[in-house]
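Q: I would like to learn how to read a few features of a protein model. Please take them one at a time.

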Amino acid sequence: MRRPQLDVQLKTPDQIEKMRAAGLVVARALRRMREAVAPGVSTADLDAIAEATIREAGATPSFKGYHGYPASICSSVNEQVVHAIPSSRQVLNDGDLISIDCGAVLNGWHGDAAITVGVGEVDPALLKMAAVAEDAMWAGIAAAARGAASGKGRLTDISHAVENAVRKGGRYGIVDGYGGHGIGTEMHQDPHVLNHGRPGKGPRLVPGLALAIEPMITMGSPRTVELADGWTVVTRDRSMAVHVEHTMALLDDGVWVLTAEDGGRARLGGLVTSRQPAESPAV
């Protein structure tokens with residue numbers, strides 16, 4: 001079933017269950033990579049961990065081969081915002097920040113999530129920026145859940161909640177042009193979800209809507225440039241950047257954060273659907 005105007009794919013509860021399975025594969029891969037991050041580890045090492053984890057689950061890396069992308073993750077270090085290609089030459093150093101974006105497709109359904117991790121001893125100001133981005137992502141997800149529950153929510157309520165949380169957190173740049181997206185039988189679907197904007201606009205927030213919510217913020221300018229490899233996006237002023245993301249879906253009785261091991265319950269409490277067990281699954 002698809003909504004008019006934008007090509008928005010609404011999912012049945014059973015289809016969302018299938019997306020949850022893909023989301024848990026992504027969650028497992030990200031957890032293993034988080035545990036492996038350390039000085040001296042290369043981004044190619046992390047990519048190998050992701051691909052092995054995804055394939056052992058019977059899934060396929062969503063990113064590998066997507067429009068020619070050569071790897072299973074995006075591994076963006078320091079001023080790299082998003083889409084950086086893993087490399088054996090990109091070795092992590094003490095004090096770095098790395099944003100790891102990972103996707104998997106299982107039985108035709110996609111999961112997509114990103115984390116930002118500090119390497120060794122990291123400047124507390126950078127860790128705070130990462131925490132602000134994380135809080136903003138959860139604020140956006142909570143806004144989606146409340147908007148769907150009220151029957152009055154619109155897409156840009158998410159954008160507005162993300163922006164407000166970032167602004168309250170400090171003086172950060174909200175990256176221009178990039179944001180979240182619909183997700184389902186394709187990794188990227190309508191609608192595009194900006195990380196800033198006025199509330200009350202865009203498609204209604206209704207059960208069956210699945211979105212990837214992904215704030216990207218910087219210590220400086222929100223402007224970016226793409227490098228000559230055709231993929232890596234960096235801050236124009238070379239300020240440090242962070243990127244976090246979860247895939248979520250709206251159901252009749254709440255939200256399900258499909259790429260969070262606990263379904264989002266620790267951060268969202270009663271906003272989470274009853275389809276998420278009280279005990280998190282072993283992943």
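A: Pro203 sits in the loop that links β10 (189-193) to β11; helices (H or I, at least four residues) and strands (E, at least two) are DSSP runs, numbered from the N terminus. The model is predicted, so local features need pLDDT of at least 70 and side-chain atom pairs count only at pLDDT 80 or more, whereas totals for chains, interfaces and linings use all residues. Residues are numbered from 1 along each chain as its sequence is written, and side-chain values use heavy atoms, with hydrogens and water left out.

Q: Which residues is Pro203 in contact with, leaving aside its neighbours within four places in sequence?
A: Contact means heavy atoms within 4.5 Å. On that basis Pro203 touches Leu6, Gly153, Arg154 and Leu155. Asp96, by comparison, is 107 residues from Pro203 in sequence and 39 Å from it in space, C-alpha to C-alpha.

Q: How is the packing of two helices described?
A: The angle between the axes and the distance between the axes are given. Axes are lines fitted to C-alpha atoms, for helices over the stretch in contact, and angles run from 0 to 180 degrees between N-to-C directions. Here α1 (residues 13-36) packs against α2 (residues 43-56) at about 150°, with the axes 9 Å apart. The two helices are therefore roughly antiparallel, a label for angles over 145 degrees. On the α1 side the contact includes Val25, Arg28 and Ala29, and on the α2 side it includes Leu46, Ile49 and Ala50.

Q: What is a nonpolar core?
A: In soluble globular proteins, nonpolar side chains tend to be buried together. A core here is a set of buried Ala, Val, Leu, Ile, Met, Phe, Trp, Tyr and Cys residues joined through side-chain atoms within 4.5 Å; buried means under 20% relative accessible area (1.4 Å probe, protein chains only). The largest has 40 residues, of which Ile141, Ile158, Ile213 and Ile217 touch the most other members. Helix α3 (124-150) is among the elements that give two or more residues to this core, and α3 gives the most, with 13. Apart from this core lies another, of 24 residues, including Val26 and Leu92.

Q: Which strands lie at the edges of the open sheet of three strands?
A: Two strands pair if DSSP finds at least two bridges between them. The order is β5-β14-β13, with antiparallel pairing. The edge strands are β5 (80-82) and β13 (224-226), each pairing on one side only. Two bridges join β5 to β14 (residues 233-235), and Val82 stands opposite Val233 in β14.

Note on methods:
Buried means under 20% relative accessible area, exposed over 50%, partly exposed in between (1.4 Å probe, protein chains only). Angles under 35 degrees count as roughly parallel, over 145 as roughly antiparallel, 65 to 115 as roughly perpendicular and the rest as oblique.
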